[in-house]
Amino acid sequence: MTTAAKAQTLVGLYDAPEILRVVNVWDVVGARAVAALPETKAIATAGHGIAASFGYDDGATPRDLMIDMVGRIAASVQVPVTADLDDGYGDAGETTRLAIGVGIVGANVEDRLKPFDESVAAVEAIVKAAEAEGVPFALNARTDAFVRAGHRPVQESIADAIQRGRAYLDAGATAVFVPGLLDANVTRQLVEGIGDRKVSVIGVPGALAASDYEKLGVARISYGPLPQRVALTALQELAVSLYGGGVVPSGLPALN
């Protein structure tokens, strides 16, 4: 498929009645392993995971390195790939243009609770850049209304997320990503305020199951750095076993 066709497919997955489940990857071999599963409809990159794999703190990966890595991932699979592009690197429009150029058809871009007008302008720049490239880019506009909330009351964070989310959708975003540990009550309020099939969440320990979020009208669930942590835990456990006199398990599939 062309980049534009993949983008349209991804937009359709957001709009579908079933919640879009994307497993975050951070390199090519992981992307291929996930894409080989029949259940995989799209791939999401993990900005935190890519940063960690190159020795950077989350959010500190240089733009050229991030674009190169997500481009390699996109080129390695046939399904649509949506990328974590941090906060847009100070020029969200140009970052989007570069991402589309390497085959990315959607993205998360963080507002980091920057001033409201500045955050909306970044969304508008992303949408404008995608339109100029002729790609119906699936922007999963992220608001950090919860993860950067500090000690403010939950209801204030809900109101902030709804205000920002509505504005991002009005500016052309496909969905609104509200990361945080969201229970059923908070999720219900966000969906009612932002829109059915317009809210995206993260699956973290203690969160609802994807099927429960689906019943509440959530469009997408992703898993951020958690898949990488699971993989690294398995690696450490194997290393401990080998150091203790164990052997490599038999029957391993040749995934690399």
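This is a predicted model: local features need pLDDT of at least 70, side-chain atom pairs count only at pLDDT 80 or more; totals for chains, interfaces and linings use all residues.

Student: How do you know that β4 and β5 pair, and in which sense?

Tutor: Two strands pair if DSSP finds at least two bridges between them, and β4 and β5 have three bridges, in the parallel sense, so they count as paired. Residues are numbered from 1 along each chain as its sequence is written, and side-chain values use heavy atoms, with hydrogens and water left out.

Student: What makes β4 a strand, and what joins β3 to it?

Tutor: Strands are DSSP runs of E with at least two residues, numbered from the N terminus, and β4 covers residues 81-84. Two bridges join β3 (residues 43-45) to β4, running parallel; Ile-43 has Val-81 as its bridge partner in β4.

Student: In what order do the strands of the sheet come?

Tutor: Nine strands make an open sheet with parallel pairing, in the order β1-β9-β8-β7-β6-β5-β4-β3-β2. The edge strands are β1 (20-21) and β2 (24-25), because each pairs on one side only. Further in, β5 (residues 106-110) and β6 (residues 138-142) share five parallel bridges, with Ala-107 opposite Leu-139 in β6.

Student: Why is Thr-61 called buried?

Tutor: Buried means under 20% relative accessible area (1.4 Å probe, protein chains only), exposed means over 50%, and partly exposed is in between. Thr-61 has 1% relative accessibility, so it counts as buried. Thr-61 sits in the loop between α3 (47-53) and α4 (63-76). Leaving aside neighbours within four places in sequence, Thr-61 is in contact (heavy atoms within 4.5 Å) with Ala-51, Tyr-56, Met-66 and Tyr-89.

Student: And Leu-242: buried, exposed or partly exposed?

Tutor: Leu-242 has a relative accessible area of 37%, so it is partly exposed. Leu-242 lies in helix α10 (residues 226-243).

Student: Which residues does Leu-190 touch?

Tutor: Not counting residues up to four places away in sequence, Leu-190 touches Phe-146, Ile-158, Ala-161, Ile-162, Val-178, Leu-182, Gly-195 and Val-199.

Methods. Helices (H or I, at least four residues) and strands (E, at least two) are DSSP runs, numbered from the N terminus.
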